Amino acid sequence: MKNTLSRRSFLTIDKDQDPLLKNISPHARKSNEGNANARTQGDNCTTTTSGVSPYTGTFGRAELIHLLKRAMYGVKKSDLDYFTGKSLTEVVNELTGSLPTAIPHYPLREYDSTVGKNGDGSVDWGGVALGQEWGRTENILSGSGGQLGISDPTADNFWRDRSLQKWNIGIALNQGRSVYEKLVLFWLNHFAMNSITLNYSQRSFLYTKLIRENVNSDLRDLVKGITKDPAYLMYLNGQDNTVNYPDENFAREIQELFCIGKEVPFDKRYTEDDVKIFARCLTGHKGIIFRQGTTYNFLGADYGFQPSDHDYGVNSSPAKPAKKLSAFYSNKTITDSTRNSATAGDSELNQLVDIMFDDTDKNIATLAGTEFQGWSRADIVADFIVKKLYRWFVFSYIDDNIKTNVIKPLANLYKQNNFKILPVVKTLLASQHFFDMRHRGAMIKTPYDVVIGLLRTTNGESLVNVTDVKQRYTHFNALHQQSLGMAMGAIESPNVAGWSPYYQMPQFHELWINSDTLPKRQDFAKRYCGNGGGGTWSFDAFQPTLNHIEFCKTLTDASDPNALINELSELFLGIPLTSNQKSTIKMQTLLTGQTTDNYWTQAWNAAAASGATTQQKNVVTTRLKSLFDVLVRLEEFQLT
């Protein structure tokens, strides 16, 4: 068995060299070689033609595990037991039903404050005591002067920002039986933002709250909310966009990254002039309204519209050119508000969103002769979002068959449901296409699937959820730092486009693995449940480590080495092992070179007994650590 792995060998391994990879989607392995279709042509494998009709095949343990791994982080034995015996429809209905529309709780103050509001550090500069919630309107930090680094409240701002990272990963770790956390991360990646770069904790919190509470909202409403979000107004220079100093940053991204996308050929879609018009329409929105001579709290997060900063177009004095859009937008002209109108910001934002999502013009002149002929802009938006969803839950490669049989019907469903995402996800997860063998074990796990997934699979959240708030958040931070080191951190995106494995062609998900991230993925897993790695797991004296015996007691039959390895392989690995691999692993770990299964059974029964001695437990724990160490070093562990 191999115990080391390079990204190049992992991603280019040929199916004839390793029978374990026969069921993996072939385009997960082949190099592109300059040909968009080389991944399927490379091993003479035709693409799937299955569609979104309901799956009618066997819905057994393997299918349930595939579904749970894609819809949640990891797969817990308790979840398997809970869903076993239920139909696919029942399982999907529960996974997608009643998603939260409010955050479960606010982040807690787990940081030390210097002097604080009371002058003694008993509460921070927002009046929050240790272990109490921050983020509420009445607990906003108070700072003055307009810049960071000049007063004590900025230190609390720094630690609240870090507290927010920990809070997010803590909620994900303690998720329920729901697709909700995967969808939260989807939208955090779609409307990507980096809170560390921003460095305004209250704004970052409200941005996260907006996403978490609107996972299934109409995309049009979510776009409007993001446009006026205090964090986003600062992150993409929206609050600096004024009539005298127009800034086109957000005006470009609302089209290119959030709604329209870039698949329509550059010379056929929105123009540079459209970006300028959008920028003019979006002038005046503020995260903080700056008024000369007026005291303001620069650590606050109050949205406001400044009428004097808005471009009123033809109603300006002197009059400015009309805000007429290009042929892509049906040559429509934005209706300008009257001068100094307090409603101008909402009025023109609503018009822009309505125009982008318009479904009436099915013959946009600039699209004639392209694959988008006969499409409306609403079709383009729906297609763009559904493709991102597909790459999130199924696989990165999308060919013509998939466009026709999966993307197009789901895009129509998205439109029909007022751009609410849940009906699309529900249909996709229950579809024939989702359960196609090509998609099982075909994607490289995300860092969240490695870190949170491994802990959840082994009931490790109980190790992290300690009573002491400061220590609990320290452990949350350890998880966040581990995932961040593997190139994924919630609200800590590398740029506004989000994580490159979801948009960077042709590699897509392959980018999760490189010479830096692979050792970190392996070291994390080995330190937690194997024979140890080269790094440091946590930031304090308490290092969460799997209790192997107690975890294995929750499995079906840990006394049988064959059943134990089979079950752990199902839970840990993306694709099945061969009988020869299982036999070799068993002999080298659980049997320590012996050939009789009873050698393990006797040891296990002694260690699992109520009166087991420390020596008996150590014998079994040592063998289990060796077993887990092998499993998390296999290539198959990196797949889902």
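Guide: Helix 6 (residues 153-173) and helix 20 (residues 469-485) pack at an angle of about 85°, and their axes lie 8 Å apart. This is a predicted model, in which local features need pLDDT of at least 70, side-chain atom pairs count only at pLDDT 80 or more, and totals for chains, interfaces and linings use all residues. Residues are numbered from 1 along each chain as its sequence is written, and side-chain values use heavy atoms, with hydrogens and water left out.

Visitor: How are helices and their angles defined, and what is the orientation of helix 6 and helix 20 to each other?

Guide: Helices (H or I, at least four residues) and strands (E, at least two) are DSSP runs, numbered from the N terminus. Axes are lines fitted to C-alpha atoms, for helices over the stretch in contact, and angles run from 0 to 180 degrees between N-to-C directions. Angles under 35 degrees count as roughly parallel, over 145 as roughly antiparallel, 65 to 115 as roughly perpendicular and the rest as oblique. Helix 6 and helix 20 are therefore roughly perpendicular to each other.

Visitor: Which residues in helix 6 meet helix 20?

Guide: Contact means heavy atoms within 4.5 Å. From helix 6, Ser 163, Gln 165, Lys 166, Trp 167, Ile 169, Gly 170 and Leu 173 meet Tyr 473, Phe 476, Asn 477, Leu 479 and His 480 of helix 20. By class, the contact of helix 6 with helix 20 has six nonpolar, five polar and one charged residues. Here Ala, Val, Leu, Ile, Met, Phe, Trp, Tyr, Cys and Pro count as nonpolar, Asp, Glu, Lys and Arg as charged, and the others, Gly among them, as polar.

Visitor: How is burial read, and how many residues of helix 7 are buried?

Guide: Buried means under 20% relative accessible area, exposed over 50%, and partly exposed in between (1.4 Å probe, protein chains only). Of the protein's 640 residues, 57% count as buried. In helix 7 (residues 180-190), eleven of its eleven residues are buried, including Glu 181, Lys 182 and Trp 187.

Visitor: Which residues touch the most other members of the largest nonpolar core?

Guide: A nonpolar core is a set of buried Ala, Val, Leu, Ile, Met, Phe, Trp, Tyr and Cys residues joined through side-chain atoms within 4.5 Å. The largest has 176 residues, of which Trp 187, Tyr 232 and Leu 624 touch the most other members. Helix 15 (residues 377-393) gives the most to this core, with eleven residues. Leaving aside neighbours within four places in sequence, Tyr 232 is in contact with residues including Phe 191, Tyr 207 and Val 496.
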